[in-house]
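Dear colleague,

I am handing over the structure we spoke about, and it is placed just below this paragraph. Please look through it first; my notes on what was found follow after it.

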Amino acid sequence: MSLKILTVDDSKTIRMIVKKAFKTFDCEMIEGENGVEGLAAAASEKPDLIILDITMPVMNGIEMLGKLKEDSTLKDIPVIMLTAESGKDNVLQIVKMGAKDYIVKPFKGEQLIERAEKLVKLEAKKEEKSVEDVSKKYFTLDGDFQILVLPEKITRPIIVEIEGSIKYKIESMAKSGMDKFILDLKKVNEINVLLIKLIILVLQNCRKGKIRIRLSGTPGISAGLKEFQETSEIPIDHTIEDAKAAF
Amino acid sequence: MDRLNDLDLKTFIVNTMIEVFDTMLSMDVEPTDVVPKSSLEGLRIVGAVSFVGKVTGRISIQLSQEFARVITAAMLGMELEEIEGDKEVNDVIGEVTNMVGGNLKSRLCDAGLNCVLSIPSTTSGSDFKIESKGWTRHERFAFKSRNHIAFVEVFMKTGS
């Protein structure tokens with residue numbers, strides 16, 4: 001079973017860095033932007049570990065730590081404090097209040113993992129399970145066509161997910177003698193640089209695996225992609241049926 | 001007041017900036033005396049944190065929007081064009097300021113000048129300058145990294 005790790009920090013940047021540090025481990029990451037949100041998440045999710053910032057608006061980390069320790073159902077959850085303040089008084093206060101460890105910013109993800117491993121048993125993520133989950137989320141099989149349906153907006157985590165699974169998908173198509181791939185963009189409503197990057201990634205993988213590919217999307221998407229040098233020459237079919245017929 | 005004047009701010013700020021840039025951004029930064037006039041022109045962003053207590057003051061980091069984007073991309077491990085907007089840039093610059101300010105605050109507390117730190121704030125624009133009066137110490141240090149310039153400014157006085 002996945003470990004639950006709660007990261008409480010008002011900075012999205014730090015929450016991203018923490019999440020990235022645990023990316024290769026079988027962990028479910030939960031986030032809170034301040035002590036109030038952190039306490040609520042701790043009460044509802046009962047995490048196995050809390051990574052807690054000190055200086056935050058609404059309720060700071062020291063106050064949240066105090067409230068955790070007052071609650072009999074939460075007091076045993078190990079807490080690692082993340083602080084930009086390394087002063088003796090500050091560190092003494094943290095330790096006295098029952099934090100298991102503390103890390104002074106700036107820090108590297110490896111340092112955080114090293115400290116976390118002393119408190120919880122981290123296990124490497126099972127890649128197969130992850131690939132399978134992503135497959136179900138974005139890929140569908142329609143007869144002898146493999147279809148990748150992109151969501152409304154492409155973000156970095158989506159690119160990472162698809163990048164991690166497309167290679168396996170192309171390999172399995174080749175093994176089963178399939179060679180028709182449709183990249184379905186009809187849901188996409190925001191054309192950004194990440195979308196262009198993802199399209200290129202899919203095209204390259206198909207080319208490498210000798211898989212034929214067609215793109216399908218609305219006239220709006222088609223016009224939008226023409227604005228980018230990398231995609232300006234790619235033909236777009238306006239429906240899935242048109243794309244199938246074009247093979 | 002003597003304790004404030006005795007602090008070797010320059011060494012401390014230089015070491016902290018080098019550590020923050022190296023650890024969080026994998027970037028080199030070095031102090032510089034050669035500051036082109038253009039460094040304080042154009043679109044800029046200022047991250048600031050204040051401290052209040054036995055010593056009261058403010059530390060700010062001022063840099064061009066372009067340099068701020070370079071730092072954001074480095075901190076988040078992404079390409080420049082992947083930065084989604086000002087929100088990400090402001091958050092990163094606020095966090096870098098928080099790290100430098102947090103370390104200064106710790107140094108002040110260890111010297112017996114106890115104080116508490118505010119959460120970081122950021123300001124951006126192209127037509128402003130920072131002026132402040134009535135401080136015991138006011139120092140500005142310039143840093144250079146990949147042909148970009150950043151200024152760290154510290155204002156301090158003994159608190160009430």
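Helix H2 (9-25), strand E3 (55-64) and helix H4 of chain B each supply at least two of the lining residues, and the largest share, 3 residues, comes from H4(B).

Helix H4 of chain B also takes part in the second largest pocket, where H4 (86-110) and strand E4 (115-117) of chain B, together with helix H4 (88-96) of chain A, each supply at least two residues of the lining. About 300 Å³ of space lies in this pocket, which is lined by 16 residues, and those nearest its centre are Glu85(A), Asn90(A), Gln93(A), Lys105(B) and Val116(B). The lining of the second largest pocket has 7 nonpolar, 6 polar and 3 charged residues.

Turning to chain A, 5 strands form an open sheet of mixed pairing, in the order E6-E7-E8-E9-E10. Strand E6 (139-142) and strand E10 (236-237) of chain A stand at the edges, and each has a single partner strand, so one side of each is left without a neighbour in the sheet. Within the sheet, strand E8 (residues 180-184) and strand E9 (residues 212-216) of chain A pair in the parallel sense over 5 bridges, and Leu183(A) stands opposite Leu215(A) in E9(A). Helix H8 (residues 193-208) of chain A packs on this sheet, where it touches strand E7 (145-149), E8 and E9 of chain A, and the direction of the helix makes about 155° with that of E9(A).

As for the confidence of the prediction, the model scores ipTM 0.83 and pTM 0.70.

With best wishes

Conventions: Residues are numbered from 1 along each chain as its sequence is written. Chains are lettered from A and ligands numbered from 1 in the order in which they are written. This is a predicted model: local features need pLDDT of at least 70, side-chain atom pairs count only at pLDDT 80 or more; totals for chains, interfaces and linings use all residues. Side-chain values use heavy atoms; hydrogens and water are left out. On a 1 Å grid over the protein atoms alone, a cavity is a set of points where a 1.4 Å probe fits but cannot get out, and a pocket is an open set with protein on both sides within 12 Å along at least five of seven lines; lining residues have an atom within 4 Å of a point. Grid points are joined across faces, edges and corners, and a volume is the space filled by probe spheres set on the points. Helices (H or I, at least four residues) and strands (E, at least two) are DSSP runs, numbered from the N terminus. Ala, Val, Leu, Ile, Met, Phe, Trp, Tyr, Cys and Pro count as nonpolar, Asp, Glu, Lys and Arg as charged, and the others, Gly among them, as polar. Two strands pair if DSSP finds at least two bridges between them. Contact means heavy atoms within 4.5 Å. Axes are lines fitted to C-alpha atoms, for helices over the stretch in contact, and angles run from 0 to 180 degrees between N-to-C directions.
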